[in-house]
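I opened the model to look up a helix packing, a strand pairing and a chain interface. My entries follow.

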Amino acid sequence: MLKVKDLSRTFQSGDVKVAAVDGISFEVPDGQFASIIGKSGSGKTTLLSLLGTLEKPTGGHIEIDDKDVTDLSDHALVDYRRKKIGFVFQAYNLIPNLTALENVMLPLSFEGVHGDDRKKRATELLKQVGITADQMDRKPGRLSGGQQQRVAIARALANKPSLILADEPTGNLDSETGKMIFDLLHNLAKTQNTTIIVVTHDLTIAGKTDKSFRLQDGKLVS
Amino acid sequence: MNTITLGMRNAFRNATRSLSIIIILGLSIGLSLTMLIAHQAVGQKIADAKSSIGNTITIAPAGFSQFSQANNSLTTDQLTKVQSLQHVTNVTETLTDRLTTIGSAQPSFGKFGGSSTSTNNQTSLKSPVNINTNSKSGSGMHVFINGGSGSLPSNFSPPISIVGTNDPQNLGNLASGSGTITITSGKYINGTSDTNDAMVSQSMASKNNLKVGSTFTAYGKTLTVTGIYKSSTQAGANDVIVSLPAEQRLSGQSGDVTNAVATVDSVDNLSSVTTAIRNTLGSNADVTNSQDAVNQTIEPLNSVKNIAFYSLIGAIIAGSVIILLTMIMIVRERRREIGILKAIGASNTRVIFQFMSEAVTLTIAGAVIGIIIGVIGGNPVTNTLVTNASNSANTSTTQTMDSGNFGARGRMGMSANGGGNFTARPTTGSGFFGRNTNSLRNSISNVKANVGWSILAWGLGAAVLIAIVGSAFAGWLIARVRPSEVMRAE
């Protein structure tokens, strides 16, 4: 269960204090697929950063599996992020000089999973997202956008996180590939009981998720 | 894939850039190594030079020289005080006198520096030195007749030196000594025992049909040959060596010493002990060591050593700056990647180690090139530096050396009847210190730089040091990259 209470994040811009996220509260039960929609500058990315513990809020609380993560130290946050949270980015953000397989093995390596187990787990995940054996040994530059995003999703799943945060995961893909990625995430939420939150502009996608939140000027409007 | 492997692979992500960095680092490390090699080679040469000159101090009666015939001497009591000084390990004492051959025509000899009161300084021995009295050159020994108007009597036999010493095995230490002697028959005399035992040279023994156990007379006493030696100098071939107490008794110079050499425990203490001896003996003695001359001779090497040291430091700093700037550039270029790594669970430490591994990989690759440069360039660069420094310093050094009082020639001086002065100059006629420092001066420009495992280890150590210093700031930058930046980059 993801619980967000009165979450806020303000930035100082010159003499002006800007509230990128302003007193947001919501809950997403385990295994649900939720979407956050809103215009550019509405605070979607900041909210995702806060949920992913990449930034600390200036107010409010975030509870993941009944644990308040807002008071954790930086060191504990790194540990928590590695174990509990997976990220999928619009630009995929794979490491360019590593193969698809090595990219998925990377978070497993951070977690201390040993060589053979690491490779086995990464191979299973890549198969699960539809990457063939031949594609596993390719570097990101030699994979299509859709294939790269599948690899990114496999990487996000590597350490069996409770929460996957996806920032515009279909933003760089054509509509057909985007639909395939959306279906993949949807299935993962159901089959692996993983909470997935997607930030998107695509209202079609938003309409198909279990929950949808609309952000405007840092506030939740629906 | 572990952090180190990842860092190593990242080092070669951009082949062109990596190659450029490696070549630049290689040049920097190569220069460091070349300077290190030069520094060590020159340092070793300086150490060798210091050790080769010996740790001895010559003590002579004040105003005494081979030619002055000053009627002074040191005493055993004075030298006992010297022996008790701190850092003095040994004092070799000698009393030298001249003997004339019974029946030989008598040029007018001055005393040889001692204060002998004996009127019976004659011997049954004949000198092995042959002098052609009709010529200005002798057989086996160069003879110079100065003044020209005199001539030698036809039955003239050159005088023989009799050397009393308390340390017959170390006569080579003495400025006026018999060179290095090696016993070829019999045994060494006991230098502290007052007996009428003597050692003679092979030439002397041959000339006088002597062998171990034979006897001859000196000062009206009978002496027994206990050892026959081979001398490294022709002058030494004209010597008879007896114990110091025996010579003091036979020549009637009880307690007198004409020359002494103090040995110091370390060359580092040479200067302080020289001063201490001067203070102990006051105006009674001239106390000299070779350190000043040596210091002047090795001065160019010290300059090269300093140049090499500062160049080494400069090259290491340059290498560190190169890797520092490289790593800053890499970190700035890969901020987003750092953000990704942090976002997916990598700690600051882990990311810093990854980039340090990358820096170390680049520098070790540079070190390989640097070591090759160092191995190839070490010797020529060292020799060039030393030669240039030596040449620039040579003129002043030569002038100083030649005007010093270390280069006294010969050990025999006399006035011949008829007013002609001559000096018999042994083949090794230059003075002890002059000989050694000239040889040293000639050898300092011949520095051989050796590249051993220690140099290679230093090279690799320097490379790792450069990598660590160079990537330290990059590490600080990495720590400041916030994982949320990966989101901002979207």
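I count angles under 35 degrees as roughly parallel, over 145 as roughly antiparallel, 65 to 115 as roughly perpendicular and the rest as oblique. The model is predicted, so I took local features only at pLDDT of at least 70 and side-chain atom pairs only at pLDDT 80 or more, while totals for chains, interfaces and linings use all residues. Residues are numbered from 1 along each chain as its sequence is written, and chains are lettered from A in the order in which they are written.

Helix packing. I looked up α6(A) (residues 145–157) and α7(A) (residues 175–191): their axes come within 10 Å and cross at roughly 15 degrees. Axes here are lines fitted to C-alpha atoms, for helices over the stretch in contact, with angles from 0 to 180 degrees between N-to-C directions. Therefore α6(A) and α7(A) are roughly parallel to each other. I then listed contacts (C-beta atoms, placed from the backbone, within 7 Å). On the α6(A) side I found residues including Gly145(A), Ile153(A) and Leu157(A), and on the α7(A) side residues including Met180(A), Leu184(A) and Leu188(A).

Strand pairing. I found β1(B) (residues 56–61) and β14(B) paired in the antiparallel sense over 5 bridges; pairing needs at least two DSSP bridges. Ala60(B) stands opposite Asp286(B) in β14(B).

Interface. I found 18 residues of chain B in contact with 24 residues of chain A. On the chain B side, α1 (3–10), α8 (335–343) and α12 (485–488) each give two or more residues. The largest share, 3 residues, comes from α8(B). Helices are DSSP runs (H or I, at least four residues), and strands are runs of E (at least two).

Conventions
Two residues are in contact if their C-beta atoms, placed from the backbone, lie within 7 Å.
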